[in-house]
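Below is a walk through two parts of a protein model. Please keep the sequence and the coordinates to hand while reading.

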Amino acid sequence: MNLRQLSQFIALAETGNFHRAAAQLHMAQPPLSISIRKLETEVGSALFERTSTGVFLTPAGQAMLADARAALLHAEKCRQAVRDVRDGEGGRLRLGFIGSATYDLMPRLIPSLRERYPKVALEFNEATSSEILAGLRGRELDMGLLRYPVLEDSGCVLVPMDRDDFMLAVNAGSPLAARDAIALSEAADEPFIMYPRDKVPSLSALARMRCEFSGFTPQVAQEAMQVQTIMSLVASGLGVGLVAGVSRLVQPRGVKCLRLTDNPPGFQVGIALARAAGPTSRLIEHVIQHALSFQQARMGAAAASR
């Protein structure tokens, strides 16, 4: 039994006449008759009652009709799914993301992706930047939103999305909290809560490098991997912490984020969209182009409003 035979069976059931069914199928009547006979032999039962005025479904034919229609419908869905993937309009997209991407970028970008690509199944996996890069290289992820710049050898293609600066998270009860901005060098004697080198090597290196640009090596009182954990430790009075500027959107009670006035020219931290190096799918290409267009439109709107 094949899809062509099912199409012929349905056409004959709907027209009730070999001649009309053959015309509908753009074939001669004798081959249609032979094909229906073969189908009946294969299923082991007569599907049509033949009369001088036409054909009628037998009980066996009536039992088969609904499933035959469903089979053709599912076959067409299969073909359409393949076409969608081929054209970059459908399929599955496994996206890794760092926690801070959820503060601002993802709530804006993901709805636009879902609207533009409704046939794409999005799967989300929270991870560190290093884990995302490893997932991309191992083909366990298709794309990732990670902290940028990446100082390690990534083996991936990185497309910068959001550009940001470090801010200094301080305890709300600290004398520093009376200010809105500070030179990082003024906090040189403060205990710092820093990112662990083994878990988030690039972010750890960037934070330490930022301190060195301001002329000091930080006194590390505690290490924490997640921004929210750093904020909680700052609120507990264990020290200060360097966090991406977007983190101010989720600063907890007891913490204040201060803008840094001594940022070195060109030194920024942000979020990039990453994919594995080498040939890629149309869907990934389309998503990258959509994300860039989305960001450019947003930046244009922000510039126009100023």
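The model is a predicted one.

Start with strand 5, which covers residues 143–148. Of its six residues, five are buried, so the rest of the structure largely encloses this strand. Buried here stands for a relative accessible area under 20%.

Which strands pair with strand 5? One is strand 3 (residues 90–97), which pairs with strand 5 in the parallel sense over three bridges. Within this pairing, Met143 of strand 5 is the bridge partner of Leu95. Another is strand 13, made up of residues 269–276, which runs antiparallel to strand 5 and is joined to it by five bridges. Here Arg147 lies opposite Ile271 of strand 13.

Now turn to the helices. Helix 1 (residues 3–15) and helix 4 (residues 59–86) have axes that come within 9 Å and cross at roughly 130°. The crossing of the two helices is left-handed.

Which residues make the contact? Helix 1 contributes Leu3, Leu6, Ser7, Phe9, Ile10, Ala13 and Glu14. From helix 4 come Gly61, Met64, Leu65, Ala68, Arg69, Ala71, Leu72, Ala75 and Arg79.

Definitions and conventions
Residues are numbered from 1 along each chain as its sequence is written. This is a predicted model: local features need pLDDT of at least 70, side-chain atom pairs count only at pLDDT 80 or more; totals for chains, interfaces and linings use all residues. Side-chain values use heavy atoms; hydrogens and water are left out. Buried means under 20% relative accessible area, exposed over 50%, partly exposed in between (1.4 Å probe, protein chains only). Helices (H or I, at least four residues) and strands (E, at least two) are DSSP runs, numbered from the N terminus. Two strands pair if DSSP finds at least two bridges between them. Axes are lines fitted to C-alpha atoms, for helices over the stretch in contact, and angles run from 0 to 180 degrees between N-to-C directions. A crossing is left-handed if the near helix is turned anticlockwise from the far one by less than a right angle, and right-handed if clockwise. Contact means heavy atoms within 4.5 Å.
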